[in-house]
Amino acid sequence: MASFVDRVIVHATGGNGGHGCVSVRREKFKPLGGPDGGNGGDGGSVILRVDGQSTTLLGFHHSPHQKAPNGEPGKGDLRHGFKGQDLILSVPDGTVVKDRRGNVLADLLGEGTEYVIASGGYGGLGNAALSSQKRKAPGFALLGTPGAEHEVELELKSIADIALVGFPSAGKSSLIAAMSAARPKIADYPFTTLVPNLGVVQAGDTRFTVADVPGLIPGASQGKGLGLEFLRHVERCAALVHVIDCATLEPGRDPLTDLDALETELAHYAQDIQDENQDTVPLTERPRMVVLNKIDVPEARELAEFIRPDLEKRGYRVFEVSTASHEGLRQLGFAMAELVAQVRTEDEPDETDTQSQVVRPEPVRGRRGENRKGFTISREDRGGEPLWHVRGEKPERWVQQTDFNNDEAVGYLADRFAKLGIEDELFRTGARPGDAVLIGPEDNGVVFDWEPTMVGGAELLGGPRGTDLRLDETNRPTRREKREQFYDRMDAKAEARAELEAERKAGVWTESVDQARGRHLDQRRQDLPEHE
Ligand SMILES: Nc1nc2c(ncn2[C@@H]2O[C@H](COP(=O)(O)OP(=O)(O)OP(=O)(O)O)[C@@H](O)[C@H]2O)c(=O)[nH]1
Ligand SMILES: [Mg+2]
């Protein structure tokens with residue numbers, strides 16, 4: 001027996017980004033023509049998209065693992081790698097996406113609505129894109145990052161204007177088959193219908209959808225029969241139609257008891273779900289009608305006529321039909337159309353309902369405690385030694401992009417870290433050179449021995465943040481010292497002058513100081529070559 005598939009687990013893996021390429025242009029007479037390695041292409045994403053043609057999640061039951069293609073690596077001569085194509089998975093309208101803990105991630109309503117389960121990795125830059133004024137010919141390229149990997153649970157909650165509810169074999173599938181183009185399986189055993197069938201009915205100018213859901217039995221809200229598996233489908237329908245079998249020969253069953261049993265189950269279920277969907281009309285308050293089926297059987301017709309007044313007293317509109325002879329179906333169709341039109345005018349759809357939208361998972365950015373630059377540093381102990389744990393979207397991605405066999409690439413990574421301020425932050429939080437630094441998650445990160453020299457900023461090494469050894473070593477004079485030096489100089493000059501004057505007076509010199517300077521300048525002028 002086919003199993004009831006409207007809840008499946010999907011393991012989605014985004015495609016890996018292609019690696020960037022390292023290449024140098026070759027040209028005749030130009031031995032080093034500059035870098036020309038192309039970029040890798042981004043990996044494809046795994047995306048769910050609501051498709052009106054799709055009615056079941058059965059496909060995922062058979063192939064739960066879905067992987068989008070990888071991006072192609074870049075090549076020389078500036079050829080960039082192709083992007084991996086997104087893998088679009090068609091899902092029925094009303095698919096709910098949950099994580100493995102049962103939290104709702106997205107509720108896909110409306111044709112074309114998308115949800116990205118696992119995004120593809122980034123393609124790596126080639127050495128052409130990495131070249132800059134300072135780094136003219138990079139001997140490295142960035143690696144592509146791996147695609148994201150996520151496991152989600154998909155759950156289908158059918159959306160239709162009207163849901164047919166009733167005991168197994170009441171004739172729900174027969175009814176939808178008689179009124180629409182849907183061709184569900186019909187058979188004389190309970191639980192023939194395992195997956196909901198949707199049919200489109202046209203009555204007059206009104207066109208509406210009807211969902212035929214699996215049969216309901218007492219205890220369903222506690223999980224009996226197919227239990228909650230299908231009560232879910234009723235949840236999204238604007239109106240309900242009770243289909244009641246008037247020809248059943250089962251002991252203990254008659255139309256009124258059946259109806260009570262159905263209402264009790266719905267009420268139980270409604271209570272359970274009401275907390276979740278507070279903005280929708282409660283299940284028990286949705287408009288409903290009663291269809292008494294199988295009146296082509298004489299006893300059934302009698303019974304139907306007999307109980308009709310009772311039902312009407314309870315406030316239901318009642319229709320006696322036979323899906324076999326098609327008796328009463330026309331009136332039923334118009335009554336359903338009326339009901340639908342009434343519901344539709346009551347709640348005009350908001351704009352968001354008609355527009356298809358793209359739902360993306362929350363970006364990793366802005367995690368709690370992260371600083372403005374997008375990373376956190378926390379101190380952990382590992383065997384008595386401190387371990388500085390760095391988390392953040394950027395630093396983690398940069399590590400993934402680095403080819404650790406290439407020193408130049410490692411240097412580039414170090415530059416990026418320093419630029420982001422990780423270096424400064426490590427100093428600030430009290431890390432010491434030689435300490436272990438873990439970047440990324442515990443199980444999948446990269447551990448470095450921290451060597452600030454490698455990263456620049458080595459001069460900060462000796463002292464704590466705010467002090468700089470260079471400052472202590474220099475002897476730039478203060479203003480006061482400068483003034484003192486000036487006076488010293490002046491004094492010395494005055495002394496020398498006085499001494500000279502004294503010597504001149506004593507007759508050691510035959511000319512004054514000024515005369516001597518003038519003579520000296522004349523001499524210099526004569527020595528200079530003539531200008532032409
Ligand atoms: N005589 C008669 N038999 C009917 C009529 N409608 C349905 N049946 C029969 O009732 C049986 C059950 O019909 P289904 O339409 O499969 O019933 P269902 O409510 O979809 O049942 P589940 O899918 O098991 O919940 C089938 O053998 C039908 O041929 C009717 O109007 N008259
Ligand atoms: Mg059925």
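**Figure 1. The shell around ligand 1 in this predicted model holds nine nonpolar, 11 polar and four charged residues.** In total, 24 residues surround the ligand. If you want a place to start looking, Gly171, Ser173, Asp188, Thr193 and Gly215 are the closest of them. Which helix gives the largest share of the shell around ligand 1? That is helix α3, residues 172-179, with three residues.

**Figure 2. Here we zoom in on Asn197, a residue of strand β10.** The strand covers residues 197-203. Is Asn197 buried or exposed? Asn197 counts as buried because it has 24 C-beta neighbours inside 10 Å, and the cut-off for that label is 20 or more. Setting aside neighbours within four places in sequence, its contacts are Ser173, Ile176, Ala182, Pro184 and Asp212. Have a look at Thr56 too: 141 residues separate it from Asn197 in sequence, yet the two C-alpha atoms are 9.1 Å apart.

**Figure 3. Helix α7 has a buried side and a face turned away from it.** The helix runs over residues 329-346, 18 residues in all. From first C-alpha to last, α7 reaches 26 Å, close to the 26 Å expected at 1.5 Å a residue. Its buried residues are Leu332, Gly333, Met336, Ala337, Leu339 and Val340. Why do they lie on the same side of α7? They cover an arc of only 165° around the axis, which puts them there together. An α-helix has 3.6 residues a turn, so residues three or four places apart point the same way. Turn to the face away from the buried side and you will find the exposed residues Arg330, Gln342, Thr345 and Glu346.

Technical notes. Residues are numbered from 1 along each chain as its sequence is written. Chains are lettered from A and ligands numbered from 1 in the order in which they are written. This is a predicted model: local features need pLDDT of at least 70, side-chain atom pairs count only at pLDDT 80 or more; totals for chains, interfaces and linings use all residues. A residue is near a molecule or strand if its C-beta atom, placed from the backbone, lies within 6 Å of it. Helices (H or I, at least four residues) and strands (E, at least two) are DSSP runs, numbered from the N terminus. Ala, Val, Leu, Ile, Met, Phe, Trp, Tyr, Cys and Pro count as nonpolar, Asp, Glu, Lys and Arg as charged, and the others, Gly among them, as polar. The expected span of a helix is 1.5 Å times one less than its number of residues. A residue is buried if 20 or more other C-beta atoms lie within 10 Å of its own, exposed if 12 or fewer, and partly exposed in between; C-beta atoms are placed from the backbone. The arc is that of the directions from the helix axis to the C-beta atoms. Two residues are in contact if their C-beta atoms, placed from the backbone, lie within 7 Å.
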